[in-house]
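Take a moment to look over the sequence and the 3D view below. We will walk through them together, one part at a time.

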Amino acid sequence: MTSSLESNLVLGAILFVLGAIGFLTRRNLILIMLSAELMLHGVSINLLAFGQYHGNSQGQSFTVFVLTIAACEAGLGLSLILGMYRRKKSLDVNLWTNLGEPDLPRLADDTYPPAPAALEEPLPHLAVAGRMPAYPTTPRSTLPTKP
């Protein structure tokens, strides 16, 4: 093994591992797709390194094939992510965990995302000059009471 082959394989392995870590740990759909792209490019670097090591063009041929697949995957993935974002208004992958049939058991709780907290009591707003501001509930007097 030459040092060029070793360094290229190490670079490809580092890219693949970083992509795998990102793919497994991220919850955002776009970051998951970018991590998958990073793994594909790590594989491409390894294919090029082996092709150069063996002195043939098979590695380059496979790399062109992988780049073509990556471009198609990016286009389809982004269109699917855009469609899902339009439906749920979020890119969180946990929103899409229950895509099965309605009669099958659920894998995750359907209450995700949690219900928003109760709305706080609205604050009084400024009234037109000369009138008392409107209070949504019984007004609390800030004046001291007489004993």
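Among the contacts in the chain with a separation of 6 or more, 50% are between residues 24 or more positions apart, where a contact means heavy atoms within 4.5 Å. Keep in mind that this is a predicted model, in which local features need pLDDT of at least 70 and side-chain atom pairs count only at pLDDT 80 or more, while totals for chains, interfaces and linings use all residues. Residues are numbered from 1 along each chain as its sequence is written, and side-chain values use heavy atoms, with hydrogens and water left out.

Now follow the chain from its N terminus: its elements run α-α-α, giving 3 helices and 0 strands. Helices (H or I, at least four residues) and strands (E, at least two) are DSSP runs, numbered from the N terminus. Of the 147 residues, 18% count as buried; buried means under 20% relative accessible area, exposed over 50%, and partly exposed in between, with a 1.4 Å probe and protein chains only.

Let's stop at helix α1, residues 3-25. How far apart are its end C-alpha atoms? They are 33 Å apart, which agrees with expectation because 23 residues at 1.5 Å a residue should span 33 Å. The expected span is 1.5 Å times one less than the number of residues. Within α1, the residues L5, L9, G12, L15, G19 and G22 are buried, and the buried residues of this helix pack against α2 (29-54).

Another side of the story is found on the surface. F16, V17, I21 and V43 form a nonpolar patch there, with about 320 Å² of accessible area together, and α1 gives the largest share, 3 residues. Such patches join nonpolar side chains (Val, Leu, Ile, Met, Phe, Trp, Tyr) within 5 Å, using residues with over 30% relative accessible area and no salt bridge. Areas come from the Shrake-Rupley method with a 1.4 Å probe. I21, which lies in α1, counts as partly exposed because its relative accessibility is 47%.

Next, look for a pair of charges. Side chains of opposite charge can pair when their charged atoms come close. The structure holds 1 salt bridge, meaning a side-chain nitrogen of Lys or Arg within 4 Å of a carboxyl oxygen of Asp or Glu. R27 forms a salt bridge with D92, with the closest N and O atoms 2.5 Å apart. The pair links distant parts of the chain, 65 residues apart: R27 is in the loop between α1 and α2, and D92 is in the segment after α3. R27 is partly exposed at 41% relative accessible area, whereas D92 is buried at 13%.

Definitions and conventions. Patch = residues over 30% accessible without salt bridge, like charges linked within 9 Å, V, L, I, M, F, W, Y side chains within 5 Å.
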